[in-house]
Amino acid sequence: MKKLLHIYILLISCTAFSQVQNGTFTISPSNFGVNDNITVTVSGVDPTVWNPGQPNNIYLWTWYFNQCGGLGGPIVSNGDWDNSADYLQMTNNGNGTYSYTLTPSVFFGDTNISQIGVLVKAKDGTGDKKTPDYLAYVGEGITINISNPPGDVVLNSGDNLTIQATMSKKGSTNVGNFVVFLNEVSVASGGGFPNYSTTLTNLTTSATIRVQGTPSGSTESGSCSFEVIIAPTVVVENIPAGLEEGINYNQLDATKATLVLDAPFKEFVYVAGSFNNYNPGNSYLMKKDPSTGKFWIELTGLTSGQIETYQYWVYDTNPISGSPSLVKTADPYSTLVLSPFDDPFIPSSTYPNLPTYPAGQEREVTVLQTGQTPYNWQVTNFTKPKKEDLVVYQVLLRDFDQDQNYQDLIDKIDYFKNLNVTAIQLLPNMEFEGNLSWGYNTAFHMALDKYYGTETKFKEFIDLCHQNGIAVILDIVLNHAFGRNPMNRMWMNDPDGDGWGDPNSENPYFNQVATHSYSVGSDFNHQQTRTKNYVKRVLKHWIEDFNIDGFRWDLTKGFTQNCPPNVAGGQEPCTNSYQQDRVDVLKEYADYAWSLDETQYVIFEHLGGDTEEQQWANYRMGDAIPKGIMMWGKMTDQYNQLTMGFASNTDISRMGHLAHGFAGKRVMGYPESHDEERLMYKNVTFGNSSGSYNVKDLNTALSRMSALGAVSLTIPGPKMIWHFADLGMENSIFTCNDGSVNVPGGSDGDCKLDTKPQPQWVSNWLGNANRNQIYNDWSRLIKLKTTEAVFEGNYSIATGSSNLTPKIYIWDDALPSTDLKNVVILSNFGLASQNITPNFPYTGTWYDLMDGTGSTLINVTNTTSPINIPAGGFRIYGNKSATLSTKYFESLMTVTFYPNPVNNTFSINKDISGLQIFDLMGKLVKEFIGNFNKGELFDISQLPQSLYVAKIKNNLGAKSTVKLVKL
């Protein structure tokens, strides 16, 4: 269980503020067997140190070692480290002692146990909320260590096999008696040896070999088993034409499916599955194509619509030293996998009727189902918003709402639509390791992670977005993969035989050592043809099967082979310098995506030098449908200096494409992303203050965020919003599961990846006037950007490294003078009102574009006459009023509500024939049906305090929409 141990050690060791408590353990009875009922008791632990006011927040975490000397498992019963299983809460016995009772064989589902380990922890174990480990032997603690072979072994028929073993008792080597069993028939024995060796000759049949040892003077024995596989004769036969790797469903016969696996350096492969009870015989031995070397098999006798599961059992008769002879793995091209590690903790409300993981198996299995009913897409010809009009809303589904699933997004579609964003970008939702993750530890790139919901529900979300004119972009992680990935495991170093390891020298997909300085997981080699083919299949899957509109490519700096650790000049400078190999391969991937869909969005998180990024941003801009790759443009530090009110490092010119030297508007600039500290957190924690104006005051800090939108969203070219910046989210990126903030100096802190609270819904932030102001102002700004042609034109930014009053000028001289063709944006991020010199391009009437009625205007007779702007404020002027209307505030019938804001009742100044009241998520919360005369009272005393939208209809059928504030 090397991989699980690695995760466990990482979780408990990378904290900055240790909350480890020593604790005293006892197990009763002190001498116990595997089938005995035992009680684990701990004293001297105070759970309120971990979480104040929670004396019962104390949970057992346990593991075991088997009689082969390795970690047993997987221990799915523990839950996740940051979310222990509920039934492992310990009993509070008073006097500072806690206990838990279990039977080892039942709890672990194994009788081959030599030792157990326990600790106690908070339900949320982050921040080292735990005790140290405590180990106890089971029975006599006998362990049989087989040094040869190191694991399962593949032999040719007639081969001999030498077996070498030692035994220990409670950790000390012992002499005693050994017996070797072949399929439970005794074939060799010996006694009095601290080290035992025997040779079995002329092995012709695959079998289980079990080595049993009894130390001298013991009444117990220990045993350890391994498999001997006699290599079969593989049938060499041409693969049928038109097949791809993975599952190929027979479109004419739902009782058949063909599986294809590319496994170079492997001698033979069995398919083990529910259709053969995971006991494959020769009829499930895969054939081998003579020209490509790919393995393939046609499955027959399947039942249409019935869910089946399978694994590839991949054999190597002469493995590299330290690598396994047998790897059991799911299909690399799985679109649905079942996991013994993660699935037990997926709510049925999120994934109804989740298929059951097959009992007795290990690691992921692939789901196969013939005769599936295809999804009925409502939108089959979606027209994507222009790249220049993209305002992308970046969402981590785990932290968007409490249910953490696609239905949350579906239910909030009006939230996105009313904000006027044109695209939603999800952080990686492909099958990743664990459940509560950002998703960058991807294991299966073509499978959805089930913790967020079903494939059908995800397609429903995409379809709904397209119905509302919103594109869907996926964050995709193709720089690396993690240890459960089949292409990693089939060619891995695994000297301890636990089934986890890093790539070996034969791996046709991964580097053994990362060739760039930002390595996580196993590093893909993108110069390998097989890696390129895999990447292209992944793109094809999401584009063609899910109608995905584009991809944000994570960590594109890692797509080079030129920067190994020993590179001249250092790995870090090499990684951050121009590398032609990654320029070329990433262009190749972009070309492939555009070959499938000419309007695909291609977005790189490169954050590198302009010279290299220009190669992508300017690529194929001359096509009939201009292409060009969009580059992420991080501007967090500069914009945060503005919002905090500090006159240094405030140059925001790189928010647009001109400062990068790009031919097209291909900078996706952003003040916030998932990777950066929240601007509002820094505003209220470190903001500037002067006299009565204090940026650290929450409402003051919130009042400055509208101006942030004005000087960021309006700049021509695509832009991005990190979720809930539009509501002034002030929770730190380092907020822990318990609500505390862990911000160690100079490092990320171990709570960065923790699940974040969602006060925006619980506390009804849309009903908070200060937060709602940001949402409405940004909604207006986005609508201006995406509706008015001038915002696709030219621009200049009057900014600087110590300027708190940046000004933006946007124009398009090709537009007629009767249109909105010039825009001037003024801002004041200082701490006091300032007179700003506007430098209008010409005199005349200029309109306040934030006024949807078009009635707020100024007559400019001197282009440099100053305009007073309050601290944290902004102005946006146009030579013409905007052609759009303000959705919520337009009143076609000049209807007036009085009073407004409302305490309990209000009246209307018109006769009406119906009134509906909606909350800001679009839910109908109150309706008045019938004809009403002006002056009649309407009672809304039962509605909570919030902002609402009232929709009115008169007797002639005219409709109006009015904002209504309930106090």
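Both Cys736 and Cys751 are buried, where buried means under 20% relative accessible area, exposed over 50%, and partly exposed in between (1.4 Å probe, protein chains only). The model is predicted, so local features need pLDDT of at least 70, side-chain atom pairs count only at pLDDT 80 or more, and totals for chains, interfaces and linings use all residues. Residues are numbered from 1 along each chain as its sequence is written, and side-chain values use heavy atoms, with hydrogens and water left out.

Cys736 and Cys751 are joined by a disulfide, S to S 2.0 Å (a pair of cysteine sulfur atoms within 2.5 Å). This link is right-handed, with 95 degrees about the S-S bond. By the distance rule, the count comes to three disulfides. They follow the pattern 1-2, 3-4, 5-6, with bonded cysteines counted along the chain.

A disulfide also joins Cys68 to Cys224, S to S 1.9 Å. The torsion about its S-S bond is about 120 degrees, so this disulfide is right-handed. Cys68 is partly exposed at 27% relative accessible area, whereas Cys224 is buried at 7%.

Another disulfide joins Cys563 to Cys574, S to S 2.0 Å. Here the torsion is about -75 degrees, so the link is left-handed. Cys563 is buried at 0% relative accessibility, and Cys574 is buried at 9%.

Helix 11 spans residues 636-644; helices (H or I, at least four residues) and strands (E, at least two) are DSSP runs, numbered from the N terminus. Eight of its nine residues are buried, among them Tyr639 and Leu642. Just after helix 11, Gly645 takes a positive phi of about 85 degrees.
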